[in-house]
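The sequence and the model come first.

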Amino acid sequence: MEMASIECVSYSDGMDDDEDDGGVSHLPRPILVKPSTAAAAAAAAVNVVAVSAGGGGGAGGAAVVGGPVLPPATSVHELLECPVCTNSMYPPIHQCQNGHTLCSTCKTRVHNRCPTCRQELGDIRCLALEKVAESLELPCKYYSLGCPEIFPYYSKLKHESQCNFRPYNCPYAGSECSIVGDIPFLVAHLRDDHKVDMHSGCTFNHRYVKSNPREVENATWMLTVFHCFGQYFCLHFEAFQLGVAPVYMAFLRFMGDENDARNYSYSLEVGANGRKMIWEGTPRSIRDCHRKVRDSHDGLIIQRNMALFFSGGERKELKLRVTGRIWKEQQNPDSGACIPNLFS
């Protein structure tokens with residue numbers, strides 16, 4: 001199989017911003033429980049041990065005063081953990097005749113048999129445990145990555161699916177890499193494990209050479225990581241089939257969230273023989289997978305015939321030089337619009 005070769009040269013234009021990201025303290029956060037008489041009664045109904053409110057009063061030692069009190073919240077949270085998938089359980093929560101619980105998804109997976117005692121599960125709902133869940137407020141599961149938010153139990157799941165502190169998927173294209181992590185971790189992973197070229201500077205000059213441009217099904221994704229303005233950007237270049245004709249596409253992705261990506265713009269240019277094509281746009285966040293960006297055609301797309309024209313010669317070999325620049329948009333305080341920040 002013939003592999004494409006690539007050369008990359010980075011030019012520094014003094015536009016880098018050397019700001020360091022501030023450190024974030026990741027202290028464990030407590031699990032909170034709202035006072036609720038109904039929830040306390042529910043906890044007692046699911047055999048949650050009631051704790052004396054008085055410590056050591058009375059002649060025979062500790063005494064239960066008033067009514068059942070919720071145990072430490074960590075114990076309640078453990079009650080709400082499915083024993084099969086270990087995820088938090090949400091209604092409907094099922095239980096067997098012996099009181100063992102599991103989530104509705106795993107009820108099907110275990111063929112309606114309790115994974116603890118092997119009794120048939122039936123259709124018994126653990127309404128008491130569902131009531132306990134209503135009384136809980138929990139930190140986002142990404143609190144150790146910096147998320148400060150605390151949510152009612154039933155709102156937590158939706159937040160976590162959109163949390164800005166959730167880990168990122170590895171942006172290396174075409175490898176189905178399952179690694180996740182924060183940006184510094186992924187940068188090191190791309191450099192050390194995927195051997196991706198790393199460059200500093202806001203301008204780039206990419207050269208793509210392929211001896212047989214008609215074989216696009218074997219073309220591989222090319223990826224280069226650029227560091228400028230204190231951020232990281234991924235430059236992709238790919239050959240793929242669009243309809244019946246092969247095309248070449250270059251685009252930039254931002255290693256961060258969508259809102260931060262809008263603070264930057266980039267341009268790509270390719271040309272030769274007195275002709276050129278220019279693309280300007282906003283980099284897409286790596287929250288969007290590379291295939292989603294490619295299929296949306298959000299980048300510089302070059303038809304094969306035009307690519308061969310730019311290559312010169314007898315049009316039998318592809319030789320494309322893609323140049324580009326990244327710049328930071330500066331917020332206009334009067335209009336709220338972004339204007340190019342070309343001199344910082």
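## Aromatic pairs

At 3% relative accessibility, Phe229 counts as buried, where buried means under 20% relative accessible area, exposed over 50%, and partly exposed in between, with a 1.4 Å probe and protein chains only. The model is predicted, and local features need pLDDT of at least 70, side-chain atom pairs count only at pLDDT 80 or more, and totals for chains, interfaces and linings use all residues. Residues are numbered from 1 along each chain as its sequence is written, and side-chain values use heavy atoms, with hydrogens and water left out.

Rings of Phe, Tyr and Trp (its six-membered ring) pair if their centres lie within 6.5 Å; planes under 30 degrees apart count as stacked, over 60 as edge-to-face and the rest as tilted. By this rule there are eleven aromatic pairs. In one of them, the rings of Phe204 and Phe226 have centres 4.9 Å apart and planes at 40°, so the pair is tilted. Phe204 belongs to strand β10 (residues 203–210) and Phe226 to strand β11 (residues 222–228), so that the pair links distant parts of the chain, 22 residues apart. Helices (H or I, at least four residues) and strands (E, at least two) are DSSP runs, numbered from the N terminus. Phe204 and Phe226 are both buried.

The rings of Phe229 and Tyr264 also form a tilted pair, because their centres are 6.0 Å apart and their planes are at 45°. Phe229 lies in the loop between β11 and β12 (231–242), and Tyr264 in strand β14 (residues 264–272), so this pair ties together parts that are 35 residues apart in sequence. Tyr264 counts as buried at 4% relative accessibility. Ring pairs link Phe229 and Tyr264 with Phe233 and Phe254 into a cluster.

Two arginines lie over aromatic rings. A charge sits over a ring if NZ of Lys or CZ of Arg is within 6 Å of the ring centre and within 35 degrees of the ring normal. Arg287 lies over the face of Tyr168, 3.8 Å from the ring centre, and the charged end of Arg294 is over the ring of Phe240, 4.5 Å from its centre.

## Salt bridges

Side chains of opposite charge can pair when their charged atoms come close. With a salt bridge taken as a side-chain nitrogen of Lys or Arg within 4 Å of a carboxyl oxygen of Asp or Glu, a search of the whole structure finds eleven. The table lists some of them.

| Salt bridge | N to O distance |
|---|---|
| Lys107 and Asp123 | 3.6 Å |
| Asp288 and Arg284 | 3.2 Å |
| Asp288 and Lys292 | 3.3 Å |

Lys107 counts as buried at 13% relative accessibility, whereas Asp123 counts as exposed at 68%.

Asp288 is buried, with a relative accessible area of 14%, and Arg284 is buried as well. Lys292 counts as partly exposed at 46% relative accessibility. A network of salt bridges links Arg284, Asp288, Lys292 and Asp298.

Arg253 is in strand β13 (residues 245–254). Arg253 is buried yet has no salt bridge, and the nearest side chain of opposite charge, Asp288, is 7.5 Å away; Lys and Arg count as positive and Asp and Glu as negative, while His and the chain ends are not counted. The side chain of Arg253 reaches the backbone oxygen of Asp288 at 2.8 Å and that of Pro171 at 3.2 Å. Leaving aside neighbours within four places in sequence, Arg253 is in contact (heavy atoms within 4.5 Å) with residues including Tyr232, Phe233, Cys234, His236 and Ile286.

Val225 is found in strand β11 and is buried, with a relative accessible area of 1%. The C-alpha atoms of Val225 and Val187 are separated by 8.2 Å, and the two residues are 38 apart along the chain. Not counting residues up to four places away in sequence, Val225 touches Leu190, Val196, Asp197, Met198, His199, Tyr232, Phe233 and Cys234.

## Whole protein

The secondary structure comes to nine helices and 19 strands. Of the 344 residues, 40% count as buried. Among contacts between residues at least 6 apart in sequence, 58% join residues at least 24 apart.

Note on methods. A polar contact is a pair of N or O atoms within 3.5 Å; within protein, one must be able to donate a hydrogen and the other to accept it, and residues adjacent in sequence count only if both atoms are side-chain atoms.
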